[in-house]
2 protein chains.
Amino acid sequence: MRVLARDIVKAAGEQNGAEVEVKGWVHRIRDMGGVSFVILRDRSGIVQLVLAEKPDLSLESVIVARGIPALNDKAPGGAEIQVNSLECISRADGELPYQVNADIGKIGIEAILDNRSLSLRNPKIQAIFKVQATIIEAFSAYLRSQDFTEIRTSKLVGSGTEGGTNLFEVEYFDRKVYLAQSPQLYKQIMVASGLERVFEIASAYRAEKHDTPRHLNEYVSLDVEMGFIESEKDLIELEKNLLAHIFTETARKNARELAMWGASVPDAEAVFKAPTLGYEDALKTANAELAAGGKKQASARIFDITPEAERLLCEWAGREHGIELVFVNEFPRRYRPFYTYPLDATRTMSFDALFRGLEITSGSRRQHDYQSFLETLPKFGLKPEYMAGYLTVFKYGCPPHGGFAIGCERLTQKILGLANVKEASLFPRDRKRVEP
Amino acid sequence: MRVLARDIVKAAGEQNGAEVEVKGWVHRIRDMGGVSFVILRDRSGIVQLVLAEKPDLSLESVIVARGIPALNDKAPGGAEIQVNSLECISRADGELPYQVNADIGKIGIEAILDNRSLSLRNPKIQAIFKVQATIIEAFSAYLRSQDFTEIRTSKLVGSGTEGGTNLFEVEYFDRKVYLAQSPQLYKQIMVASGLERVFEIASAYRAEKHDTPRHLNEYVSLDVEMGFIESEKDLIELEKNLLAHIFTETARKNARELAMWGASVPDAEAVFKAPTLGYEDALKTANAELAAGGKKQASARIFDITPEAERLLCEWAGREHGIELVFVNEFPRRYRPFYTYPLDATRTMSFDALFRGLEITSGSRRQHDYQSFLETLPKFGLKPEYMAGYLTVFKYGCPPHGGFAIGCERLTQKILGLANVKEASLFPRDRKRVEP
């Protein structure tokens, strides 16, 4: 009967002398002369195997070993297995092109991504995706508890929702379509369909040419849309609850993974204390931080919520409110898409969430009034006659509503303190990379 | 305080005479002279509003009403609201291009899909997607309980996994890539990475030109991959557990939606009694059914697991084993992709699951031995040098493993008894349809 690495201490503690079977990968081999140690890695962690003689094994081979578990303070995890028999069921080529058990701090991101099928075997790299799985599970679970319905919408669209730029073109039989930049229209249709509250977790695509540590051309968007709201403040409240649940679940399920990265998540209580600043106040606060910071800062003055401003605002919130999370709302009309609901002549019912120096969310209440759309569209250079499909939703009864999207990789990145968002994507796509 | 339609009976039963507020869409209006009834629809169901005079309302408008709830056996759901005040918050154009409250049995699928943003408001159509949300939730929950990790992989790939046909081409900056037909390679990388057990729920793409009631060009694939298996029989066992859990959860959460369609799900116990037939036995059984069925059948003889054979095998299983679910395994080599693990010289460790007359799953143990790949590939006309990226996974230690995929829309279709799989896709894509 197979026992997982994480259960060896328990098996050894039971001390009934019964043999156990372990299966996994050869993570490390140490030959000490009279005795050899093999560190076996399985989905739950690592365990030390003790062998009387040096085994004929290559690193990363898959083995099955049987032996007697024994407690040993010096062994990783506090127990080891005195091996009686060992079988290699998949022999790895001895010349590894990438050293799986190396300290990844010493390996550059290009090498990690170029050797993705091997680098993903490293426990610290794998930890990223165990945390990401928890984020997705906690996001879904919280929304279901609030009566949200999960939806799956098409990623092949006739036109873009944010205008015609940054779209990837797809040859679709005898016509061209595009990869969806967001499920915006579909979320709105589903709110108006009467489901009222929907979420979707799916790929989104941006054909942006720049290559930065904060951008991916294909990313996982955690999308939410909700009917019968008053303003973006209802959405900020919902996102606080969501983040609090995600952080709590990550702390509960991924203590080991967080420890590998020397990372921690904010307390749920701290999340509810995160400040909300209007756009103008946010600029003032960022500029005050800039002035106080002296020479360390890059800019002389900040005129927009730039990456530098995001960093400064989170520093400020960390110091003043005990959490590096800030909501900025009431963005000026000119910075927001046509479907954003107005607050007044110049401002909108919109918001961003900034976490540990990075924008992780953009959201807003949406325009839902058909007549207002007809008046607004020309100001954005859009023609109602080309948007009949979209406008149908609003012509036939649509409640006030809004929503937001959390970038899954960005949230993962910031929870673990990763330098580059690409580290938080299993198979990242950028301008040069479409393999593996 | 808003009360949902499903809670009005409870509110009325409490009989404290307090006013409640309801919000939703005008589903139906009946003017009876001295009194008018408005059926309000919200995310939880419908409720009858009673008004002293005929309201100035159009169907599908969004309203907020306040009034006193009262039990009434004649009202849908057993209660109604005596309205004190009513406000229209989004007026629907009076000329609906599609009748939302009509019996959908009388509307053709083309009209339903052409008017998707309105047809999705129909409670019976919406029920399809409430069931689908349960399928996705139950699939994930069961696999997590078995230590599977959810993954999200790229849908933009350099080449196809099933060969170069039926791929949609994407303009990716200055090169061409393809929409993934399945996450096959990525699931295998993640098993070999040491996660061992993974699942993914995501879009998959097939550029098939034919337009049938069983095909979609974009569908949601419920993908599973698992390490350290002996044969496809372990996978059949896993799928039985999965289906049993999905059916149990659907019965528990979606009794109302199943009733709308006159549908029911098999008992969990029945699922475990579903038969497995080897490919040759399956053909014999299908032909015996064909012979027994007389003139009703289309073919004189069946030589392959055709759609007709799928139907006959499910009829047979329903009669002989009490459930219209059959697993067919040991498919001949020639019918399966190159990565399928051989059982012997002619047969493979592969299987299909057929449910209520339709293939819903294809799966297999996979080849994991590097040397065997090098020998096998040329027989399939494939060149190892072009597949170096894929082969890396097996060159450096890979356990025996396998997996399968359940077509989410097909399972939804068969649970509810829908005539066409497109009915089970929110925004289906076919050769002609990419809107909305």
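**Notebook: helices, barrel and the A/B contact**

I started with a helix pair: H9(B) and H10(B) come out roughly perpendicular to each other (the label covers angles of 65 to 115 degrees; under 35 is roughly parallel, over 145 roughly antiparallel, the rest oblique). This is a predicted model, where local features need pLDDT of at least 70, side-chain atom pairs count only at pLDDT 80 or more, and totals for chains, interfaces and linings use all residues. Residues are numbered from 1 along each chain as its sequence is written, with chains lettered from A and ligands numbered from 1 in the order in which they are written.

Back to the pair. H9 (residues 279-293) and H10 (residues 307-321) of chain B pack at about 85 degrees, axes 9 Å apart. Helices here are DSSP runs of H or I with at least four residues, strands are E runs of at least two, and both are numbered from the N terminus. Axes are lines fitted to C-alpha atoms, for helices over the stretch in contact, and angles run from 0 to 180 degrees between N-to-C directions.

I then listed who touches whom, contact being C-beta atoms, placed from the backbone, within 7 Å. H9(B) brings B:Ala282, B:Thr285, B:Ala286, B:Glu289 and B:Leu290, and H10(B) brings B:Ala309, B:Leu312, B:Leu313, B:Glu315 and B:Trp316. I get seven nonpolar, one polar and two charged in that contact. For the classes, Ala, Val, Leu, Ile, Met, Phe, Trp, Tyr, Cys and Pro are nonpolar, Asp, Glu, Lys and Arg charged, and the others, Gly among them, polar.

Next, the strands of chain B. I found a closed five-stranded barrel, E1-E2-E3-E5-E4, with mixed pairing; two strands pair if DSSP finds at least two bridges between them. The twist averages 55 degrees from one strand to the next. E1 (residues 20-31) and E4 (residues 62-71) of chain B pair antiparallel over six bridges, and I looked up B:Trp25, whose bridge partner in E4(B) is B:Val62.

Then I looked at where the chains meet. Chain A and chain B each put 71 residues into the contact. On the side of chain A, H4 (residues 123-145) gives the largest share, seven residues. I count that side as 33 nonpolar, 15 polar and 23 charged residues. E8 (residues 169-172) of chain A also runs antiparallel to E8 (residues 169-172) of chain B, joined by three bridges. A:Glu169 sits opposite B:Glu171 there.

Last, I checked H4 in chain B. Just after H4(B), B:Asp147 has a positive phi of about 75 degrees.

Terms used: Contact = placed C-beta atoms within 7 Å.
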